[in-house]
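Hi,

Here is the structure I promised to pass on. Have a look at it first, and my notes follow below.

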Amino acid sequence: MKTLLPLALLALFQPPRPVTSDGAQLFEAKVRPVFAARCLSCHKGTQAAANLRLDIPQGWKNVVASGKLLKAVRHEPGVAAMPPTGTKLSERELAGLTEWVRHGAPGPVTLAKPDPAKHWAFQPLQKSPLRSPEGVEAMVEAKRQELGLSRNASAPKSVWLRRVSFDLIGLPPTPSEIENFLGDKAPGAESRVVDRLLASPRFGEKWESLLTMPSAPSAPKRSCF
Ligand code: HEC
């Protein structure tokens, strides 16, 4: 049983993924490319034309709120038409900017730079409460109660033996294995079965056969590597 635990723990401790939001995606997809190609040559940094910076969210806040930004790109009266040279923005670009303004003109997601020394890989190992089969059971039980699910009755011993045998070695138990297990009333009978199966050459053969099995007829033979 013990040998399988590290695999389960590995899955639990994947590093968190960076946060993204719909607003930031909208900005990245429909606004940043337009600003970059058509506006930033004049509207960025401390020398920005009309003192309007489009390279930072605080910069565009006022012209978005006053409606000037959309008016300028739509060439509506009351503000200079933008961009002042070259072609007007396309209908698609205008629709993108309009949608973005309607969503409150979100900026890109700025993630605070994490301290590299705090990366999980550099933390000293700690004893996890999950580092025992009982810990995993407790976690599953807590989630079960939270979701209000009821537990299935335990499988009968013969069914359990069949399942664990197929799981680990891909073969059903032999009649004498069934008889031995049904007769083993001492505590830890299940663990002894699992240890026997893990020690069996059939265990390695089963996993080897899965790794070398092509997933599609055209796939290379060792498709996992
Ligand atoms: C070639 C330089 C240049 C480019 C490119 C340019 N602008 Fe401008 N922008 C200006 C100048 C100069 C003004 C001031 C015009 C005036 O007041 O007559 C201005 C003014 C504005 C204003 C009005 C600011 C205010 O407070 O009145 C807005 C809004 C604006 N630009 C948006 C944009 C957008 C959006 C783009 C890209 C689609 C863009 N501009 C591209 C030079 C540029």
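Let me start with K88, which is partly exposed, with a relative accessible area of 38% (buried means under 20% relative accessible area, exposed over 50%, partly exposed in between, using a 1.4 Å probe and protein chains only). You'll find K88 in the loop between α4 and α5; helices here are DSSP runs of H or I with at least four residues, strands are runs of E with at least two, and both are numbered from the N terminus. Leaving aside neighbours within four places in sequence, K88 is in contact with R38, V73, R74, H75 and L94, where contact means heavy atoms within 4.5 Å. K88 and R38 sit 50 residues apart in sequence, yet their C-alpha atoms are 9.7 Å apart in space.

Before going on, some housekeeping. This is a predicted model, so local features need pLDDT of at least 70 and side-chain atom pairs count only at pLDDT 80 or more, while totals for chains, interfaces and linings use all residues. Residues are numbered from 1 along each chain as its sequence is written, and side-chain values use heavy atoms, with hydrogens and water left out.

Now the ligand. What coordinates its iron atom? On the protein side, H43 (NE2) and M82 (SD) do, at 2.0 to 2.2 Å; donors are N, O and S atoms within 2.8 Å of the metal (3.2 Å for Na, K and Ca), and water is not among the atoms, so sites may look incomplete. The iron site is octahedral, with angles of 85 to 178 degrees among its six donor atoms. For six donors, octahedral requires opposite donors over 155 degrees apart and all others between 65 and 115. H43 belongs to the loop between α2 (22-39) and α3 (57-65), and M82 to the loop between α4 (68-74) and α5 (91-102), so the pair ties together parts that are 39 residues apart in sequence.

Are the two residues buried or partly exposed? H43 is buried, at a relative accessible area of 8%, whereas M82 is partly exposed, at 24%. A polar atom of the H43 side chain also lies 3.2 Å from the backbone oxygen of A49. Leaving aside neighbours within four places in sequence, the contacts of H43 include A48, A49, L52 and M82.

There are 19 residues around the ligand, and C39, C42, H43, K68 and M82 come nearest (a residue is near a molecule if one of its heavy atoms lies within 4 Å of it). An oxygen atom of the ligand is 3.0 Å from an N or O atom in the side chain of K68. By class, the shell has 15 nonpolar, two polar and two charged residues. Here Ala, Val, Leu, Ile, Met, Phe, Trp, Tyr, Cys and Pro count as nonpolar, Asp, Glu, Lys and Arg as charged, and the others, Gly among them, as polar. Helix α4 gives the most to this shell, with four residues.

Zooming out, the protein chain has ten helices and zero strands. Buried residues make up 22% of its 225 residues. Among contacts between residues at least 6 apart in sequence, 53% join residues at least 24 apart.

Last stop is helix α9 (residues 189-199), whose buried residues are A189, V193, V194, L197 and L198. Those buried residues pack against α7 (157-169), α8 (175-183) and α10 (201-212).

Cheers

Key
Four donors count as tetrahedral if all angles lie between 85 and 135 degrees; four count as square planar and six as octahedral if opposite donors are over 155 degrees apart and all others between 65 and 115; anything else is irregular. A polar contact is a pair of N or O atoms within 3.5 Å; within protein, one must be able to donate a hydrogen and the other to accept it, and residues adjacent in sequence count only if both atoms are side-chain atoms.
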